[in-house]
Amino acid sequence: GSLYRDAEARAIRKYYSLWSTSPQGQDLSYGIISFYKEQVNKIRRQIGGGENSEKLRIGTVDSFQGMEFDVVFLSLVRTSRKSKQNESDAEKAARIYGFLSLYNRLNVSMSRQKKLLVLVGDADQLPSVGPGNVFADIIRSGIVPTVRLTEIFRQTGDSRIVRNAHM
């Protein structure tokens with residue numbers, strides 16, 4: 001089935017609601033993109049709007065080619081799966097990043113904004129593949145504002161899944 005993350009859908013709803021009703025953001029256009037249809041459905045239910053409009057469009061990356069918005073939320077949705085022995089970097093990237101490893105889709109998803117691109121995902125679940133740790137380095141630098149979600153939604157706080165994800 002299609003992947004989804006409720007925590008990301010709730011975070012997008014929170015920030016979209018805050019920004020789109022603020023004096024600075026009420027006249028802006030918003031795009032909310034995910035690589036996964038089920039995540040799009042979750043976000044639509046969170047925001048309470050099913051239909052796309054001039055001010056807001058929610059959809060998979062394929063529905064955004066040729067479009068631009070002032071603000072774009074990109075829901076990454078990935079949760080890494082267990083690695084396999086003797087896995088190449090390309091195989092590891094495909095397993096961890098899924099659609100994020102397809103350059104044409106990544107290009108479309110990250111080039112639709114005019115003013116602001118907001119990446120929404122779990123930094124602890126998106127490790128670098130190969131040398132370096134670019135994503136973590138950018139977050140640690142403080143150059144890019146980040147918000148850490150602290151509420152655990154699908155498992156209890158003492159779950160081994162949660163402990164292993166933050167090792």
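The model is predicted, so a few ground rules apply: local features need pLDDT of at least 70, side-chain atom pairs count only at pLDDT 80 or more, and totals for chains, interfaces and linings use all residues. Residues are numbered from 1 along each chain as its sequence is written, and side-chain values use heavy atoms, with hydrogens and water left out. The protein has 6 helices and 4 strands, taken as DSSP runs (helices H or I, at least four residues; strands E, at least two) numbered from the N terminus.

**Overall picture**

- Along the sequence, the elements come in the pattern α-β-α-β-β-α-α-β-α-α.
- Of the 167 residues, 36% count as buried; here buried means under 20% relative accessible area, exposed means over 50%, and partly exposed lies in between (1.4 Å probe, protein chains only).
- The accessible surface comes to about 10,400 Å², and carbon and sulfur atoms account for 51% of that surface. These areas come from the Shrake-Rupley method with a 1.4 Å probe, and for residues only the protein chains shown count as cover.
- Among contacts (heavy atoms within 4.5 Å) between residues at least 6 apart in sequence, 75% join residues at least 24 apart.

**The sheet**

- The 4 strands form an open sheet in the order β2-β1-β3-β4, with parallel pairing; two strands pair if DSSP finds at least two bridges between them.
- The edge strands are β2 and β4 (113-120), each pairing on one side only.
- From one strand to the next, the twist averages 15 degrees. Axes are lines fitted to C-alpha atoms, for helices over the stretch in contact, and angles run from 0 to 180 degrees between N-to-C directions.

- Strand β1 (residues 30-34) is mostly covered, with 5 of its 5 residues buried.
- In a regular strand, side chains alternate between the two faces of the sheet. In β1, Tyr30, Ile32 and Ser34 point one way while Gly31 and Ile33 point the other way, and all are buried.
- On the β2 side (residues 56-60), 5 bridges join the two parallel strands, and tyrosine 30 has leucine 56 as its bridge partner.
- On the β3 side (residues 69-75), β1 pairs in the parallel sense over 5 bridges, with glycine 31 opposite valine 72.

**Helices on the sheet**

- Helix α1 lies across β1, β2, β3 and β4 and runs at about 165 degrees to β3.
- Helix α2 also packs on the sheet, where α2 touches β1, β2 and β3 and makes about 155 degrees with the direction of β2.

**Salt bridges**

- Side chains of opposite charge can pair when their charged atoms come close. Counting a salt bridge as a side-chain nitrogen of Lys or Arg within 4 Å of a carboxyl oxygen of Asp or Glu, the total is 3.
- Glutamate 8 bridges to arginine 5, with the closest N and O atoms 3.3 Å apart, and both residues are buried.
- Aspartate 6 and lysine 42 meet at 3.6 Å, N to O. This pair links distant parts of the chain, 36 residues apart: aspartate 6 is in helix α1 (residues 6-20) and lysine 42 in helix α2 (residues 37-47).
- Aspartate 6 counts as partly exposed at 24% relative accessibility, whereas lysine 42 counts as buried at 18%.
- Arginine 45 and glutamate 38 meet at 3.2 Å, N to O. Arginine 45 is exposed, at 54% relative accessible area, and glutamate 38 is partly exposed, at 24%.
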